[in-house]
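My entries follow in the order in which I checked them.

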Amino acid sequence: MSCSDESAFPDAGSVLRRAPVVPVLTIPDLDCALPLAEALVSGGLPVLEITLRTAAGLGAIRAIADAVPGAIVGAGTVRSAAEFEAAVDAGSRFVVSPGLTEGLIAAATRSSVPLIPGIATASELMRAREAGFDHVKFFPAEAAGGVATLKALGGPFPDMRFCPTGGVSLANIADYLALDAVVTVGGTWMTPADDVRSGNWPAIRELAAGAAEKVRSIRSPS
C-alpha cells in the first residue's frame, strides 16, 4: 500500500528491496534483543521482523530502533489495528501480518508505515490487491504449496510481489528467488534457538553473512 509521507521507506517495496533475507525473530527476552540485531545487521541483513509472539516483542522493537544503526526494524505477527498502532508507536518502520482484516486495512490507511499482509490463497491475494496492496507475505509458504503455488499465482497476478515466509531455508531459497515475483524471503535459520539462548552472536553473524552471500550468488551469478 502506498503512503504519502516522505520517509526513507514509504512503501513495502522500498523495505523489501533492502532485504537479502528478512530474519523473522521471536525475542525471548530483552537482554538478547540488541546483540542479536547487531549480529544480523553486521552480517548483512538489515531488515528485521520482530514478531509480537512474546512479551518482549514491542520492547525489542523500541530498543533496536533506538540503538542499532543500520537496522530497519519492523513488527511481525500483527493481528489487529491495536497491535499495528502499538508497533508503530514502538518504532516499527514496517508491519507484517499473517493475514488481512478490515481493521488492519483501516489502520494501514491512517498510517505512513507500510503494512505487508499475509496471503495463502488466490482469494486472499485478490482481497489484498483490491485494498491497494501490491507487496504481500506468502505465508505459510511451504505449507501453502511453496514455489509451485507462487508460480501458479504469478499468471493471473503479474503485478503482485511476494515475500515467501514459512519453511524457507538455504535448501530451497534459490527456487523461490528464481521467481521474478519474489522480492525477498523471510526465514529463521539464521537464528538457531540454541545460539540465541547461549548468546553465540559470532555464529549468528556468520549465518547472516552466509545468507546474504547466498542471495548475492543467486541474484548476481558470476
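I take strands as DSSP runs of E of at least two residues, numbered from the N terminus, and I call two strands paired if DSSP finds at least two bridges between them.

This is a predicted model, in which local features need pLDDT of at least 70, side-chain atom pairs count only at pLDDT 80 or more, and totals for chains, interfaces and linings use all residues. Residues are numbered from 1 along each chain as its sequence is written, and side-chain values use heavy atoms, with hydrogens and water left out.

I looked up the confidence (pLDDT, the predictor's own for each residue, from 0 to 100) and found a chain mean of 94, with 95% of residues at 70 or more. Over residues 1–7, however, the pLDDT is below 50.

I then followed the pairing: strand 1 (residues 22–25) runs parallel to strand 2 over two bridges, and Val24 has Glu49 of strand 2 as its bridge partner.

For burial (under 20% relative accessible area, 1.4 Å probe, protein chains only), I noted that five of the five residues of strand 2 (residues 47–51) are buried, so this strand is largely enclosed by the rest of the structure. Val47, Glu49 and Thr51 point one way, while Leu48 and Ile50 point the other way.

Which residues line the largest cavity? I listed Leu16, Val22, Glu49, Phe94, Val96, Ile116, Lys137, Cys163 and Thr165.

Note on methods. Contact means heavy atoms within 4.5 Å. On a 1 Å grid over the protein atoms alone, a cavity is a set of points where a 1.4 Å probe fits but cannot get out, and a pocket is an open set with protein on both sides within 12 Å along at least five of seven lines; lining residues have an atom within 4 Å of a point. Buried means under 20% relative accessible area, exposed over 50%, partly exposed in between (1.4 Å probe, protein chains only). Helices (H or I, at least four residues) and strands (E, at least two) are DSSP runs, numbered from the N terminus.
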